[in-house]
Amino acid sequence: MRALLVVNPAATTTSARTRDVLIHALASDLKLEVAGTEYRGHARDLARRAAESGTYDVVVALGGDGTVNEVVNGLLHEGPAPSELPRLAVVPGGSTNVFARALGLPNDVVEATGALLAALREGSERTVGLGLAAGTPGSADESVPARWFTFCAGFGFDAGVIGRVEQQRERGKRSTHALYVRQALRQFLGEPRRRQGTITIEQPGQDPVSDLAFSIVCNTSPWTYFGNRPIYASPQASFDTGLDVLGLTKLTTPTVTRYATQLLTSTPERGPHGKHAVSLHDLADFTLQSQAPLPLQMDGDHLGLRTSVTFTGVRHALRVIV
């Protein structure tokens with residue numbers, strides 16, 4: 001079996017020595033080629049060339065959720081074709097690794113490599129659904145190219161937090177949970193639209209849901225992890241269904257305190273709920289629009305400001321080794 005291993009040398013939890021050991025282990029079972037990323041978007045370019053060449057059976061992403069997202073977008077550059085494209089395999093090397101953990105892979109990089117090798121030997125794989133986000137036709141953002149995401153997207157508050165975290169990381173700060181908490185607090189204190197949201201959800205054939213101050217889109221559950229604790233924003237979200245949306249109509253201090261507590265104590269059976277929470281399940285197509293430009297993130301990658309984003313839940317998009 002021929003495989004391309006896409007390595008992010010800056011992955012948070014792997015050292016050069018660890019990567020060498022992993023490469024040696026994978027090469028014992030695979031006809032392996034290794035390519036290290038050198039710039040933002042390089043993993044996407046490498047995966048795209050691998051898909052277009054038609055010579056690889058598997059593309060392995062060694063890195064965090066950002067690396068996985070780039071590899072997925074490279075593989076699906078021409079659209080989904082699960083039976084024709086290389087399968088995706090993931091060795092988690094980031095700080096959170098939501099996609100890998102949602103697939104049931106160990107969060108330890110060495111254990112995950114062992115699980116991957118066992119799955120390859122057994123031919124164990126599944127086909128997962130993914131989310132696709134694009135500029136809305138007729139809007140100021142209609143020329144924004146479409147982009148795939150594996151586990152979540154955010155429009156508004158949480159994307160603003162991620163943007164702040166990325167700024168801090170560019171200044172040399174480590175990606176820690178404490179850093180996220182501090183930036184979330186600063187984002188909240190600086191949020192100008194806490195009491196009256198600007199986001200509207202529009203679905204074909206449905207009445208719009210307006211005045212949301214917060215919105216996240218989930219392709220699977222959990223939404224993220226706080227350390228080893230899974231956080232369930234949309235517990236019903238699944239790789240086997242469409243997309244789920246969680247929105248809040250207010251971001252006042254009492255409301256945020258209540259729903260932050262619900263998130264931290266959420267379970268696979270129960271997520272945030274109440275009069276200010278909007279939960280939608282298994283959506284195929286919908287649009288998030290805002291009266292004012294808001295930040296957008298996908299799979300933890302800040303993508304700048306948008307006024308309108310159209311989302312599509314694409315089932316059976318990609319084969320994954322598990």
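**View A. Buried residues of helix α3 in the predicted model.** In this predicted model, the buried residues of helix α3 are Asp 65, Thr 67, Val 68, Asn 69, Glu 70, Val 71, Val 72, Asn 73, Gly 74 and Leu 75. The helix runs through residues 65-75, and because 10 of its 11 residues are buried, α3 is largely enclosed by the rest of the structure. For orientation, Val 68 may be related to Arg 17, a residue placed in helix α1: the two are 51 residues apart in sequence and 21 Å apart in space, taken from C-alpha to C-alpha. Whereas Val 68 belongs to the buried set of α3, Arg 17 counts as exposed, with a relative accessibility of 69%.

**View B. Helix α5, its buried face and its cover.** Helix α5 comprises the 14 residues 109-122, which at 1.5 Å a residue should span 20 Å, and the separation of its end C-alpha atoms, 20 Å, agrees with that expectation. Its buried residues are Val 109, Ala 112, Thr 113, Leu 116, Leu 117, Ala 119 and Leu 120. Seen down the axis of α5, these buried residues fall within an arc of 160°, so they line one face of the helix. An α-helix has 3.6 residues a turn, so residues three or four places apart point the same way. On the face of α5 turned away from the buried side are the exposed residues Val 110, Glu 111, Arg 121 and Glu 122. The cover over the buried residues of α5 includes α1 (16-27), β3 (58-63), β4 (87-92) and β16 (301-321).

View C. Side chains of opposite charge can pair when their charged atoms come close. Here the side chains of Asp 301 and Arg 40 meet in a salt bridge, with an N to O distance of 2.2 Å. This pair links distant parts of the chain, since Asp 301 is in strand β16 and Arg 40 is in the loop between β2 (31-36) and α2 (42-53), 261 residues apart. Asp 301 is buried, with a relative accessible area of 11%, whereas Arg 40 counts as exposed at 57% relative accessibility. Together with Arg 147, these residues are linked in a network of salt bridges, the members being Arg 40, Arg 147 and Asp 301.

**View D. Leu 303 and its contacts.** Leu 303 lies in strand β16, and with a relative accessible area of 19% it is buried, the cut-off for that class being under 20%. Apart from its neighbours within four places in sequence, Leu 303 is in contact with Arg 147, Leu 296 and Met 298; of these, Arg 147 also takes part in the salt-bridge network with Arg 40 and Asp 301. Leu 303 and Cys 152 are 151 residues apart in sequence, while their C-alpha atoms are 13 Å apart in space.

View E. The side chains of Arg 87 and Glu 125 meet in a salt bridge, at 2.9 Å from N to O. Arg 87 lies in strand β4 and Glu 125 in strand β5 (residues 125-135), so the pair ties together parts that are 38 residues apart in sequence. Arg 87 is buried, with a relative accessible area of 15%, whereas Glu 125, at 31% relative accessibility, counts as partly exposed. A further salt bridge joins the side chains of Arg 126 and Asp 240, at 3.3 Å from N to O. Because Arg 126 lies in strand β5 and Asp 240 in the loop between β12 (229-231) and β13 (243-248), this pair ties together parts that are 114 residues apart in sequence. Arg 126 is partly exposed, with a relative accessible area of 26%, and Asp 240 likewise counts as partly exposed, at 46% relative accessibility. The count of salt bridges in the model comes to 10.

View F. Thr 255 has its place in helix α8 and is buried, with a relative accessible area of 4%. Leaving aside its neighbours within four places in sequence, Thr 255 is in contact with Lys 250 and His 276. Leu 264 also lies in helix α8, which covers residues 253-264, but this leucine is partly exposed, with a relative accessible area of 41%. With Val 181 and Phe 226, Leu 264 forms a nonpolar patch on the surface, the accessible area of the three together being about 260 Å².

Methods: Residues numbered from 1 in each chain as written. Predicted model: local features only at pLDDT ≥ 70, side-chain atom pairs only at ≥ 80, totals over all residues. Heavy atoms only, no water. Patch = residues over 30% accessible without salt bridge, like charges linked within 9 Å, V, L, I, M, F, W, Y side chains within 5 Å. Areas by Shrake-Rupley, 256 points an atom, 1.4 Å probe, with all protein chains shown as cover. Salt bridge = Lys/Arg side-chain N within 4 Å of Asp/Glu carboxyl O. Helix = DSSP H or I, 4+ residues; strand = E, 2+ residues; numbered from the N terminus. Buried < 20%, exposed > 50% of the residue type's maximum accessible area, 1.4 Å probe, protein only. Expected span 1.5 Å × (residues − 1). Arc of directions from axis to C-beta. Contact = heavy atoms within 4.5 Å.
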